[in-house]
Structures are given as C-alpha cells and as structure tokens.
Amino acid sequence: MSWQDAIDPKLQAIVAQVDAKIAPRLAEIDDQILDNQAKVLRAFQDNHVSEADLVGSTGYGNSDEGRDHLEAIYAEVLGGEDALVRPQLVSGTHAIGVGLLGLVRPGDEILYITGEPYDTLQEVLGLAGNGIGSPKEYGIKVNYVPLLANGEVDFAAVKQRITDKTKVVAIQRSCGYATRASFTIAKIAEMVKVVRSVKPDVWIFADNAYGEFSERQEPLDVGVDLMAGSLIKNAGGGFAKTGGYIVGRKDLVERVSYRFTVPGLGGAEGATYGMMLDMFQGFFVAPQTTGNAIKGAIFEAALLEALGLPVAPKWDDPRTDLIQTVNFGNQEDMVKFAKAIQQSSPVDSYVEPIPEQMAGYEDKVVMAAGSFIEGSTIEFSGDGPIRPPYTLYLQGGLTYAHVKLGITQAAQTTFFTK
Ligand SMILES: *Cc1c(COP(=O)(O)O)cnc(C)c1O
C-alpha cells in the first residue's frame, strides 16, 4: 500500500513533477542543515555541556550552570556576546517586547524601518489596543517607516526619519501577516549599513521570529546589536515547551534583563526546573527541524503554484524564514484548506478550525494547528487573518514527510473533491 492510493491520479502526476523539479533545491537545504548543525554541535562542545546541565534549578534559580551554558551556546551560535534564554519569557512577543522596551527611556524613540510591526507587537508598542501600559504612557515614541510599494525598505525616508531622539532602529526579518517578502540576511546587512551611515551609535534591534537557521548567518552576524525570538518556533526545535530568547551585545542584554525581571536581579535569577533537557535538545535539533520545515515550504510553493494559486515565496526563491503564503482569493477555499490541514495533524485531527477573534490580532483569524505544543508554529500549521486576498500563512513541520502528506491531502480535499 502506498500513501498515494488515496490521492487522485491527476494530483499524483502533479506531485511527481513537483518532486523532480524541487529535488536540487531540497539538496541545497540539506547542505545548509549540515553547516548549521556543525555550528551548533561545536557550541555544545565548546561550552562543555554535561549531564548535570540538563537537570535545571529550583527556587530562585541562582547559580544555574545549565542555564548559563545554554545561554552561552545561543550567544555563540547566533552571533552574540550574551543571551537570555528563559521559560519565563512567555512567547516571542514577550521576548521582543522586553528587548525593545528594555532599551529605551523617556524621551527616546523606537523607529521600525520595515513597515508596520507584526500584529501582536502593535499592542506592545502602543500602535493598537487600549494603550494601557504602552510606551506612550512612559513618554517613549514609537514610529514606523512604511515600505515602498515593491515591499522594500524606503531608505530615503529612513535617512530622514532617524533623529537625535532615535535610540533604537527595529527590523522585522519575517513578513508576519504583511504582503511583502521576508528580509534576507543580505538585505538586513544593507539596512544596517544605511542606518549606521546616518547614526553610527544607534542600537539596531531585530525581530528574528521564524528566522533562526533558515540561512547560514543570523542578523547579529551582519551588525545588528540585539535580537529576540520564540522557543516554540525554530530555535526550540519542536522540543522546547515554552520560552523565548534575547541575544546580542553583552551590555544590551544586561540592560534589557532589568526589564525582563527587575533592576538588581536581571538575568541572575529564574529557575529552569524540568525545562532544560527540552531546551538543550530542541536547540540541538533546530537546524534539522528548521530545514525540514523549509523543505516542506518549498514543496507547498511548488505544488500550489502548479495548481494555479499565487504563492510567495516561489519554490526557487531565496528563503530566510519558514513562512509560505498562498492566496486563495476567497474565504471558502482558504477555510476549507485550513480544515484539511487540521485533519492531517497528529493531535486534534478531529477538531474543526473556525475563524475567531484572537487576543493581539485586529481581524478574525483562522488557525489550523494540531500540534504537540499548543500554538507551536515550528510544527506544521496554517493560519491567516480573514481579509482579502485570503492568504493562508503556512509554516513549520517537524518532518518533511508530514508536510508533504498534509499539503497533498489538503490540495485533494480543496481542489479535487466536488
Ligand atoms: C510569531 C511572530 C512574533 C511573535 O511571536 P509569538 O511567539 O507568537 O508571540 C513576532 N514577530 C513575528 C514576525 C512573528 O512571526
């Protein structure tokens, strides 16, 4: 018996063509996995990870050597001097919020140069929501420079908008729910160069969500000062049960650590009981897991394009994150496809996703995710706000095989079943 027995012969033929077409591209990703895995393995060895490191601390979490080693590994691999890698960072939004707001003081400005920030960050930054506790209440300005119509950074405007008040320039690597391409490391390097030419000492921050291990370099390698992300995306490798990270320049990690906890304590406390094994193991497999997810995204792009849907990025475009967008053009197909992905999940496969209002998001959102870890998007999932052009954001996949099975089945359900 073959998995293909249940697939319409017409779709089988298209899958076979897609497989042949993308094979060389998948091989390139396998090469990248090797390089990133070597980097991670070396960092584990350099930092003398031992069995005792995997146990974790209790109470205050003082002198937690395992935590120190894990943070040193994150710093080494991601190109920083120091890091906070903590289960007490409740999500990527929290880590990014602590990173950004920990840097600024009354009178300062945070300037996003990659257009409107990600939906959940808009409330953190006081650009949406009820404004309680927002930076504005503390006399901190947050602004963004809209992108050009072609989705690129408006460098002329950026140069004008950076003033003596601008303390932090922020870059969002992944597209989030915007209709633009994600910014590759090469593009981020160019942004850093332009920003430094106007204001050499400004702090440059990157929202690195979905980016880790999707290229051979990270934003810190090209001059970004501080960056943050989630452990239930790439960096957690599917193993981390919760958490976020902040990594970068030592003085800046210290500065934001006082916002993460309180002045005086900073990163010195924070128990890791029961969490360390998953966080170490997850970071160890993260290059492979991320690679699997990217290979899955390449398959998605090629297959859905072959079925006539507009996709971004295309299967042979350069990639810098996990996100694959597909425009369905109407709510019905979008929701149907999302439901089929849910049915292909290992957990909650019998549950029907329904578009809902969600905390932190402005429009109704449909979310298909039958993940082992709730909300984990390094696991195969699809979601998107219900608004034209009815774009589903597909991401993740612990194994390439799962993504291939799930997407093929969803294509069959949506387009080959009447
Ligand atoms: C997912 C994401 C975040 C927030 O991470 P959460 O863990 O979902 O809070 C921030 N920025 C971007 C671009 C993201 O994709």
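Three strands, β8 (311-312), β9 (324-327) and β12 (391-395), each put at least two residues into the lining of the second largest pocket. Bear in mind that we're looking at a predicted model.

That second largest pocket comes out at a volume of about 460 Å³. Its lining is made up of 23 residues, and the ones nearest its centre are Arg180, Ala181, Ser182, Ala312 and Pro313. Sorted by class, the lining holds 10 nonpolar, seven polar and six charged residues.

Where does the second largest pocket lie relative to domain 1 and domain 2? Both domain 1 (3-38 + 286-415) and domain 2 (49-283) give residues to the lining, so the pocket lies between them.

## Around the ligand

Now over to the ligand. Its surroundings are Ser91, Gly92, Thr93, Ile96, Tyr118, Leu121, Gln172, Asp207, Ala209, Tyr210, Ser230 and Lys233. By class, this shell divides into five nonpolar, five polar and two charged residues. Helix α3 (residues 92-103) gives the most to the shell, with three residues.

| Residue | Polar atom of the residue | Ligand atom | Distance |
|---|---|---|---|
| Glycine 92 | backbone | oxygen | 2.7 Å |
| Threonine 93 | side chain | oxygen | 2.5 Å |
| Aspartate 207 | side chain | nitrogen | 2.6 Å |

How much of the ligand does the protein bury? On its own the ligand exposes 380 Å², and the protein buries 91% of that.

Alanine 312 and proline 313 are joined by a cis peptide bond, with omega at about -10 degrees. Both Ala312 and Pro313 are among the residues nearest the centre of the second largest pocket. Proline 313 itself sits in the loop between β8 and β9, and those two strands are among the ones that supply residues to the pocket lining.

Another cis peptide bond links proline 388 to proline 389, where omega is about 5 degrees. Look for proline 389 in the loop between β11 (381-385) and β12. Strand β12 is also one of the suppliers of the pocket lining.

One more spot to check is serine 63. You'll find serine 63 in the loop between α1 (9-46) and α2 (65-78).

Definitions and conventions
Residues numbered from 1 in each chain as written. Predicted model: local features only at pLDDT ≥ 70, side-chain atom pairs only at ≥ 80, totals over all residues. Heavy atoms only, no water. 1 Å grid on protein atoms, 1.4 Å probe; cavity = no way out; pocket = protein on both sides within 12 Å on 5 of 7 lines; lining within 4 Å. Points joined across faces, edges and corners; volume = space filled by probe spheres on them. Helix = DSSP H or I, 4+ residues; strand = E, 2+ residues; numbered from the N terminus. Nonpolar A, V, L, I, M, F, W, Y, C, P; charged D, E, K, R; others polar. Domains from an automatic or database assignment. Near = heavy atom within 4 Å. Polar contact = N/O pair within 3.5 Å; in protein donor to acceptor, adjacent residues only side chain to side chain. Areas by Shrake-Rupley, 256 points an atom, 1.4 Å probe, with all protein chains shown as cover.
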